Amino acid sequence: MNQATAHRLISSTVEEKNPGNLFDLRFYANLGYVQHLFYSLYPEEKYKAVFQDLLSLLPKLFASRPEELKFQDLQRLSDGNWYQSEQMVGMQLYVEHFNKNLKGLKEKLPYLKDLGINFLHLMPISPRPKGENDGGYAVNSYHGVDKKYGTTKELLSLTKELRKQDMFLMLDFVVNHTSDEFSWAKKAKAGNKKYQEYYYTFSDDTIPKEYEKCMPEVFPETSPGNFTYDLEMNRWVMTVFNSYQWDLNYTNPEVFLEMLTNLVKMINQGVDVVRFDALAFLWKKMGTISQNLPESHTLISLFRMCLQIIAPGTIFLAEAIVAPTEIVKYFGEDFGAGNECEIAYNASLMALLWNSIATKKTGLLYESLTNIPNKPQDCTWINYIRCHDDIGLGYENDFIKKMGWDPQQHRTFLLDYYCQNLDWSPATGMLFMYNPKTGDGRITGSAASLLGLEKGISSKNGELIEEAVSKIILLHGIVLAYGGIPMIYAGDEIGTLNDYSFQEDADKKGDSRWVNRPKQDWNMISNLDDKKLPQSKIFHTLKKLIAIRRKNSVFADQNNLVIHHTGNNHVFAFERTGENDGLLVLCNFDEKQQVVESSWMMKLGYFTKGEPKDLVSGKKVAFNSGLFTLSPYQVLWLKRD
Ligand code: GLC
């Protein structure tokens with residue numbers, strides 16, 4: 001049982017349920033845990049007074065929470081794990097690319113509702129430096145609104161409307177670093193020692209050089225190394241991402257207290273899910289890669305346990321794009337299971353799906369997915385195929401070898417396949433952070449372009465277009481049905497192609513991730529009634545699948561995912577099991593028809609009442625002499641009643 005479940009239990013026994021009473025209960029229920037986590041990071045001998053400060057801060061932060069949200073918190077607590085519901089369908093979008101600003105976004109809520117979206121992830125909207133700012137991931141404030149998006153009043157008006165429409169909001173909390181224009185950085189530059197200790201700053205490069213011995217580079221092409229010399233401060237500062245993103249020094253507990261305050265100010269604007277950005281990097285230790293360290297987990301749990309006292313209706317998403325076995329640890333382990341982040345990006349599934357598309361095979365997908373440890377009962381995934389970032393090729397080398405492939409050669413093949421180095425490949429992606437010395441690189445590009453729609457349209461090749469549409473539906477058919485919250489990347493619902501305009505912009509041209517951050521094509525959307533358009537087929541199919549998902553409780557995540565082997569190396573099959581119903585998903589990653597033997601499906605109870613209907617196409621499935629035929633790139637959703 002995680003702490004949230006314990007809170008639910010305790011609060012159900014309280015007769016007079018008011019926010020104040022229940023705050024006290026949560027405070028005392030978590031106190032021992034908070035104390036343990038705090039003193040594990042910050043030794044008691046030295047930091048007793050800071051712990052006292054934390055204890056006095058918690059009620060103050062609770063008092064700052066708007067009454068309406070305090071009541072919503074209580075409702076959420078009694079509702080249970082709302083984030084595991086089949087109702088959850090997300091969309092990630094850039095406000096300025098979607099419809100100009102926050103006001104424009106609010107006007108487009110009917111479009112999102114119509115598609116069946118009830119959960120929005122807005123890319124950063126907080127003030128940021130002019131010029132390069134990593135798409136807003138260099139923050140000048142944690143709770144302000146950048147002028148280009150509108151005002152705080154407009155944000156509040158949007159969140160109020162979202163609540164009214166039963167929609168959820170996720171915003172980023174860029175917890176690992178601030179911009180070099182953030183008020184603390186400015187004070188540090190001006191020579192203020194207190195604020196220099198809010199970051200990792202050093203008078204010369206002796207210590208940075210020691211750190212560098214073990215720390216990998218995140219952006220080797222554009223921002224090599226992990227430290228930057230700041231002329232104004234006349235000191236070195238740790239900058240793991242870009243030189244203008246200064247890493248916060250969490251070994252200083254004052255930083256934790258200040259960031260908790262910033263977090264609460266942000267969520268008090270009506271945020272339901274906090275995307276904990278780059279959280280794998282939170283704790284640094286010389287002699288280590290300074291990623292996924294146990295102290296980072298302790299720190300995240302400390303944030304979690306404190307915020308749970310203040311605002312139990314707000315949950316965390318782990319943005320940890322790391323090895324599969326490391327990702328699940330962000331849900332919390334052992335005693336802490338379910339006490340870190342409630343949600344994590346299923347980056348492993350995402351990257352594996354792209355591998356299956358390129359190889360037309362599912363061996364690596366099976367090998368990897370079946371070796372990922374189970375997630376805790378109260379946690380869930382965000383399942384997605386594309387987002388604003390690149391696609392990394394972080395597959396386990398041993399698993400690649402097991403497929404009979406050489407890991408280095410295999411990654412080169414994938415880069416070639418997706419990044420226009422193979423004539424026969426339908427993909428039109430771009431290379432990201434390619435390192436010619438090692439041959440390592442990552443992939444950018446929109447889903448539609450990576451799946452061949454761009455090539456199909458430009459070469460007027462009907463077959464290629466049709467194939468690309470099938471692949472787009474196939475991948476979405478998987479993420480909509482795999483246990484967790486599907487997150488559609490805005491534009492993918494209408495097969496939006498790459499946007500090459502970033503190449504003309506001096507602040508963006510060095511970062512090819514901008515190719516997959518296109519403007520929402522409202523002109524195309526106004527033509528979706530034209531059923532001949534490939535974009536219409538994508539949109540209307542996804543809309544239908546979303547509606548099916550939201551009507552069937554078997555899609556809710558109850559840790560009820562079972563992966564099945566079909567004996568056909570081009571096919572991937574998984575089942576969502578329920579007591580009274582079940583859903584079997586079959587996916588063909590090949591360009592040719594594939595046949596699967598069906599007796600195992602019968603044993604699972606799938607064809608007991610004759611040929612079942614596929615929910616995706618609405619047609620009866622091709623079923624002959626016990627053999628089951630899947631057309632090229634087909635995804636089937638079969639329901640067991
Ligand atoms: C996350 C974001 C990415 C950003 C990085 C640094 O990984 O998704 O876009 O560059 O954090 O903030």
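In which hand does α1 pass α2 in their crossing? Right-handed: that is how α1 passes α2. By right-handed I mean that the near helix is turned clockwise from the far one by less than a right angle.

A word on the source. This is a predicted model, with local features needing pLDDT of at least 70, side-chain atom pairs counting only at pLDDT 80 or more, and totals for chains, interfaces and linings using all residues. Residues are numbered from 1 along each chain as its sequence is written, and side-chain values use heavy atoms, without hydrogens and water.

Back to the pair. Helix α1 covers residues 3-12, and helix α2 covers residues 19-41. They pack at an angle of about 140°, axes 10 Å apart.

Who makes the contact (heavy atoms within 4.5 Å)? From α1: Gln 3, His 7, Ile 10 and Ser 11. From α2: Leu 22, Leu 25, Arg 26, Ala 29, Asn 30 and Tyr 33. By class, that contact has 5 nonpolar, 4 polar and 1 charged residues.

Now the backbone. Which phi values are positive in residues other than glycine? Lys 100 has phi near 70°. Lys 100 sits in the loop between α5 (95-99) and α6 (102-107). Its relative accessible area is 61%, so Lys 100 is exposed (over 50%).

Asn 292 has phi near 55°. Its loop runs between β9 (273-276) and α13 (294-310). At 15% relative accessibility, Asn 292 is buried (under 20%).

Technical notes. Axes are lines fitted to C-alpha atoms, for helices over the stretch in contact, and angles run from 0 to 180 degrees between N-to-C directions. Helices (H or I, at least four residues) and strands (E, at least two) are DSSP runs, numbered from the N terminus. Contact means heavy atoms within 4.5 Å. Ala, Val, Leu, Ile, Met, Phe, Trp, Tyr, Cys and Pro count as nonpolar, Asp, Glu, Lys and Arg as charged, and the others, Gly among them, as polar. Buried means under 20% relative accessible area, exposed over 50%, partly exposed in between (1.4 Å probe, protein chains only).
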